[in-house]
Amino acid sequence: MPAQMAFSGRFPATRLRRLRQSDWMRRLTAEQQISPDDFIWPLFVSEPADAGPVPSMPGVLRHDEDGLLRACEQALEAGIPCIALFPYVPEALKTTTCDEAVNPDNVICRSVRAVKQRFPELGVMCDVALDPFNADGHDGLVAGEEVLNDETVEVLVRQALVQAEAGCDLQGPSDMMDGRIGALRSALDKAGHQRLPIVAYAAKFASTFYAPFRDAVGSGASLKGDKKTYQLSPGNRAEALREVALDVAEGADLLMVKPGLPYLDVLREVKDAFALPTFAYHVSGEYAMLKAAARKGWLDNDRAVLESLICFKRAGADAVLTYAALEAAHLLAS
Ligand code: PBG
């Protein structure tokens, strides 16, 4: 029931400002808290060496193995439970068959092994999608004008298996092919990975807010066309709920809504309708907007970061993937 239905207060007997007068009272009546426990920190790892900063994402690096391990140490010190790995591979390793995605020694698998060996207590999430390894820039295999579905799912399954063998703790298929959650689940189970959870990027929209991420993984330049044949149209709420229902039926353990702030209504509905642990992705373009405005002095960076993150919690997120995870954790500790 909406909260206002149970509320029958009337002015002047009721003055809601009574409870907002002091910091101590506002703390007592706060409905939401955020803590580093709520954050997943996406990190870029690069092949063969440190590919340097991402111009459209101030403060975000593409790490070599040493840099990655340093970042993981910082995450643990700040109380962040989990990182998410994304690859940057040079053009020479990209093919239309995405062979590098299923190479058990690719930069993701090597990174997973290095992190888990050094920091077994840190959660490591891997992205299951072909775009960083695809000469066509798409999340799936391309034939002519078409992004193939079932053929792509077969490659995604092989990609998921090499990541699972490398020891990742959580897999996030972000590709939006039909049927991939069920296919991954049964393949993982058959291979003995029954305990590996899947976070389905269930409601992923075809968003322009991914542009800085595509700079970071180097998939933007090669992308032919757009991703509208597999990602959701930004205005489609009912279709998003159907996507989520299918992923739940296929065995998703956790759900993700993406992008974040422009899609908080979808997040709330998904959380209420399915009651699964639900993550939100505060995506690269949202991060870039915030940093750009802060750099110009148009927004207060620290307050904007914390306000954004608490709004995700209010809308029902159990955790948020955010490039601002480390700085937010430091702000919360100060
Ligand atoms: C692709 C993928 C994308 C992101 C995560 N995985 C981009 C896309 O769909 O083009 C975007 C994340 C971000 O913008 O921060 N599989």
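**Notes on the predicted model**

1. Arg20 is placed in the segment before α1, a helix spanning 23–28. Helices (H or I, at least four residues) and strands (E, at least two) are DSSP runs, numbered from the N terminus. This is a predicted model, in which local features need pLDDT of at least 70 and side-chain atom pairs count only at pLDDT 80 or more, while totals for chains, interfaces and linings use all residues. Residues are numbered from 1 along each chain as its sequence is written, and side-chain values use heavy atoms, with hydrogens and water left out.

2. Patch residues have over 30% relative accessible area and no salt bridge, and like charges are joined within 9 Å. The areas come from the Shrake-Rupley method with a 1.4 Å probe; a salt bridge is a side-chain nitrogen of Lys or Arg within 4 Å of a carboxyl oxygen of Asp or Glu.

3. A patch of negative charge on the surface gathers Glu146, Asp150, Glu151, Glu154 and Asp178. Helix α4 (residues 150–166) gives the largest share of this negative patch, three residues. Asp178 lies in the loop between β8 (170–173) and α5 (180–190).

4. The largest pocket has a volume of about 600 Å³. Its lining comprises 15 residues, of which Arg26, Ala30, Gln32, Gln33 and Ile310 are the closest to its centre. Both α1 and α10 (301–314) supply at least two lining residues each, and α10 provides the largest share, six residues. On a 1 Å grid over the protein atoms alone, a pocket is an open set of points with protein on both sides within 12 Å along at least five of seven lines, a cavity is a set where a 1.4 Å probe fits but cannot get out, and lining residues have an atom within 4 Å of a point. A volume is the space filled by probe spheres set on the points.

5. Two cavities of 30 Å³ or more are present. The volume of the largest cavity is about 130 Å³. Among its 15 lining residues, Asp131, Lys204, Tyr210, Phe213 and Lys258 are the closest to the centre.

6. Most residues other than glycine have a negative phi, and most peptide bonds are trans. The bond from Lys258 to Pro259 is cis, with omega near -5°, and Pro259 sits in the loop between β10 (254–258) and α8 (264–274). The bond from Phe11 to Pro12 is cis, with omega near 15°. Cys98, although not a glycine, has a positive phi of about 60°.

Note on methods:
Patches are made of residues with over 30% relative accessible area and no salt bridge: like charges are joined within 9 Å, nonpolar side chains (Val, Leu, Ile, Met, Phe, Trp, Tyr) within 5 Å. Lys and Arg count as positive and Asp and Glu as negative; His and the chain ends are not counted. The place of a charge is taken as NZ of Lys, CZ of Arg, CG of Asp or CD of Glu.
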